[in-house]
Amino acid sequence: MSLSDDLYRETILDHYHQPRNHGTIETPTAQIEGVNPLCGDELTLYLKVSDQGKIDDVKLTAHGCSINTASGSMMSEAVLGQSVERAREIIESFKEMMLTKGETAELEGDLEDLEALRGVKKYPVRIKCALLPWNTLLEGLDTVNGARENNT
Ligand code: ZN
């Protein structure tokens with residue numbers, strides 16, 4: 001076990017025990033449920049997106065395993081305050097890291113924390129746990145886009 005493995009595990013446990021942006025939004029722009037039947041993970045994601053396409057607020061309630069909860073918590077931190085376009089890029093980078101066999105470029109800057117989840121790749125069954133919040137967010141952003149197009 002290397003030092004970085006320890007650090008990564010600590011980061012995951014920290015987010016699991018104190019999930020960031022936990023809760024609900026009263027009048028969300030989008031509210032999406034995500035389920036991973038393989039593990040029993042369930043979450044509800046709430047999004048508040050401004051007319052300018054900025055993610056003003058993101059909240060989630062998760063009933064899942066530690067990987068699922070930690071991943072959702074880290075995701076909420078990564079996309080809060082970002083534009084929808086940037087959020088899509090972040091989702092893409094994360095999914096690339098988790099789904100590419102072999103090495104991918106390290107996530108840097110404000111995405112550095114997400115590196116903690118890279119180790120999950122060693123456990124293929126848990127990859128779905130880590131991806132669930134991100135796929136749910138993607139669905140949410142599509143919903144928001146659809147709603148905005150209908151308004152114009
Ligand atoms: Zn799980």
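Predicted model: local features only at pLDDT ≥ 70, side-chain atom pairs only at ≥ 80, totals over all residues.
Which residue forms a salt bridge with arginine 86?

Residues are numbered from 1 along each chain as its sequence is written, and side-chain values use heavy atoms, with hydrogens and water left out.

**View 1. Arginine 86 and glutamate 89 form a salt bridge.** The closest N and O atoms of this pair are 3.1 Å apart. A salt bridge here is a side-chain nitrogen of Lys or Arg within 4 Å of a carboxyl oxygen of Asp or Glu. Both residues lie in helix H3, three residues apart, about one turn of the helix. Helices (H or I, at least four residues) and strands (E, at least two) are DSSP runs, numbered from the N terminus. Arginine 86 is partly exposed, at 27% relative accessible area. Glutamate 89 is partly exposed too, at 45%. The terms work as follows: buried is under 20% relative accessible area, exposed is over 50%, and partly exposed is in between (1.4 Å probe, protein chains only).

**View 2. Glutamate 115 meets arginine 118 in a salt bridge.** The N to O distance is 2.8 Å. Glutamate 115 is buried, with 3% relative accessible area. Arginine 118 is buried as well, at 15%. Alanine 87 lies in helix H3 and is buried at 0%. Between alanine 87 and glutamate 115 there are 17 Å in space, C-alpha to C-alpha, and 28 residues in sequence.

**View 3. Lysine 54 pairs with aspartate 56 in a salt bridge.** Their closest N and O atoms are 3.2 Å apart. Lysine 54 is partly exposed at 39% relative accessibility. Aspartate 56 is also partly exposed, at 41%. Elsewhere, Asp14, Arg20 and Glu77 are linked in a network of salt bridges. The count of salt bridges comes to seven.

**View 4. A zinc ion is held by cysteine and aspartate donors.** The coordinating atoms come from Cys39 (SG), Asp41 (OD), Asp41 (OD), Cys65 (SG) and Cys129 (SG), at 2.2 to 2.7 Å. Donors are N, O and S atoms within 2.8 Å of the metal (3.2 Å for Na, K and Ca); water is not among the atoms, so sites may look incomplete. Along the chain, the donors follow the spacing C-x1-D-x23-C-x63-C. Cysteine 39 sits in the loop between strand S1 (30–36) and strand S2 (41–49), and cysteine 129 in helix H4 (residues 124–151), so the pair ties together parts 90 residues apart in sequence. Cysteine 39 is partly exposed at 35% relative accessibility, whereas cysteine 129 is buried at 0%.

**View 5. Negative charge gathers in a surface patch.** Its members are Glu103, Glu106, Glu108, Glu112 and Asp113. Patches consist of residues with over 30% relative accessible area and no salt bridge; like charges are joined within 9 Å, and nonpolar side chains (Val, Leu, Ile, Met, Phe, Trp, Tyr) within 5 Å. Glutamate 106 is found in the loop between helix H3 (84–99) and H4. At 57% relative accessibility, glutamate 106 counts as exposed.

**View 6. Asparagine 21 has a positive phi.** The value is near 55°, in a residue other than glycine. Asparagine 21 is found in the loop between helix H1 (3–17) and S1.

Key: Areas by Shrake-Rupley, 256 points an atom, 1.4 Å probe, with all protein chains shown as cover. Lys, Arg positive; Asp, Glu negative; His and termini not counted. Charge placed at Lys NZ, Arg CZ, Asp CG, Glu CD.
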